[in-house]
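Please look over the sequence and the model shown here before reading on. The paragraphs after it go from the whole chain to single residues.

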Amino acid sequence: MMARDSAPAAIVRLDTVDSTQSAAFGLAERGAADRTVVVADQQLSGRGRRGRVWRAPAGTSLLASIIVRPRLPQALLPTFSPMTAVATAEALRRVAPVAARVKWPNDVLVGGKKIAGILLESRARSGVSEPGRDGPRAESGVSEPGRSFLGPPSVQAGLEAPATTDPATTIIIGIGVNLGQREFPLELAGHATSVALETGRAPDRETMLAALLEEFDAWRVRLEREGFGAVREQWRMLSDTLGRHVTLDGVTGIAVDLDVDGALLIDAGGTVRRVIAGEIAWDEAAAGSRARGR
């Protein structure tokens, strides 16, 4: 998918930074335009989910953060997360190519292993939203990011509100894609992968960035002009989550759908529950048992 009606990106390229997210927030505070992109060769204290620290060896990953001045009702801001996951998966399918799929809320997988992760953070007048409640913990390889925006228990109110750009709110979307890693630490080896491991070679980072931004622009246009419907449908098509037996935020059952604001719907013994944040654990044995019983 190619971008339409979008201006060329302003791309700020850096060598080593503490975090592309922090660098992007700094630029945003100084008036950087919507859709400014920060790219770094290496980050030393990249923020991941629940306060974790995300580290990757220099030059092995595409590390980017995009400044977004959203044009959506507040209740739909969380949908930037699945939108970005779809865009990242589509870019990987174009460039690598690999059979990239999406895991709720915003991971991209190949063969069941994480190849990319996404982190949304917002900043309003009160400051930066926290990516998680846990204390910091160092990690290597891909991030395990989650949504900073947590939708309300009911999202119907406000979905029809006019889409406006709120100058008091800025979203920074961090995207990390594993390109050239040939191995991972033991604690990640069974859970992470890279384009090099999947295909035998690492793609050019600039080629990957160009494809990612093209897909991001195109899907963002659809989201902000048409609503979440098209993004939601593509996420379903790419989903590695729906139909699985999962445990998430104290809820156990079958993941059955994505709600109108990006929340995950889980059939917990006949009652459909909404979950807006958390880290999925799935039980393949239970899923197989349920499938055989149908």
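What follows is a walk through the fold, its helices and some backbone details.

This is a predicted model, in which local features need pLDDT of at least 70 and side-chain atom pairs count only at pLDDT 80 or more, while totals for chains, interfaces and linings use all residues. Residues are numbered from 1 along each chain as its sequence is written, and side-chain values use heavy atoms, with hydrogens and water left out.

The protein chain has seven helices and 16 strands; these are DSSP runs numbered from the N terminus, with helices being H or I of at least four residues and strands E of at least two. Of the 294 residues in the protein chain, 53% are buried. Buried means under 20% relative accessible area, exposed means over 50%, and partly exposed lies in between, using a 1.4 Å probe and protein chains only. The chain exposes about 12600 Å², of which carbon and sulfur atoms supply 50%; accessible areas come from the Shrake-Rupley method with a 1.4 Å probe, and for residues only the protein chains shown count as cover. A contact means heavy atoms within 4.5 Å. Among contacts between residues at least 6 apart in sequence, 72% join residues at least 24 apart.

Helix 2 (residues 80–95) has 16 residues and reaches 22 Å from its first C-alpha to its last, close to the expected 22 Å at 1.5 Å a residue. The expected span is 1.5 Å times one less than the number of residues. Helix 2 is mostly covered, with 14 of its 16 residues buried.

Helix 5 (residues 205–226) and helix 6 (residues 229–238) have axes that come within 7 Å and cross at roughly 130°. Axes are lines fitted to C-alpha atoms, for helices over the stretch in contact, and angles run from 0 to 180 degrees between N-to-C directions. Helix 5 and helix 6 are therefore oblique to each other, given that angles under 35 degrees count as roughly parallel, over 145 as roughly antiparallel, 65 to 115 as roughly perpendicular and the rest as oblique. Helix 5 contributes Trp219, Arg222, Leu223 and Glu226 to the contact, and helix 6 contributes Ala230, Val231 and Gln234. By class, this contact has four nonpolar, one polar and two charged residues. Ala, Val, Leu, Ile, Met, Phe, Trp, Tyr, Cys and Pro count as nonpolar, Asp, Glu, Lys and Arg as charged, and the others, Gly among them, as polar.

Some backbone details come next. Most residues other than glycine have a negative phi, and most peptide bonds are trans. A cis peptide bond joins Ala96 and Pro97, with omega about -15°; Pro97 is in the loop between helix 2 and strand 6 (101–103). Another cis peptide bond joins Trp104 and Pro105, with omega about 5°, and Pro105 lies in the loop between strand 6 and strand 7 (107–110).

Arg35 has a positive phi, near 80°, in the loop between helix 1 (20–29) and strand 2 (37–43). Arg35 is buried, at a relative accessible area of 10%. Asp249 also has a positive phi, near 55°, and is found in the loop between strand 12 (245–248) and strand 13 (251–258). Asp249 is exposed, at 59%.

Ser194, in the loop between helix 3 (186–189) and helix 4 (195–199), counts as buried because its relative accessibility is 0%. Leaving aside residues up to four places away in sequence, Ser194 touches Ile115, Asn178, Leu179, Gly180, Gln181 and Phe184.
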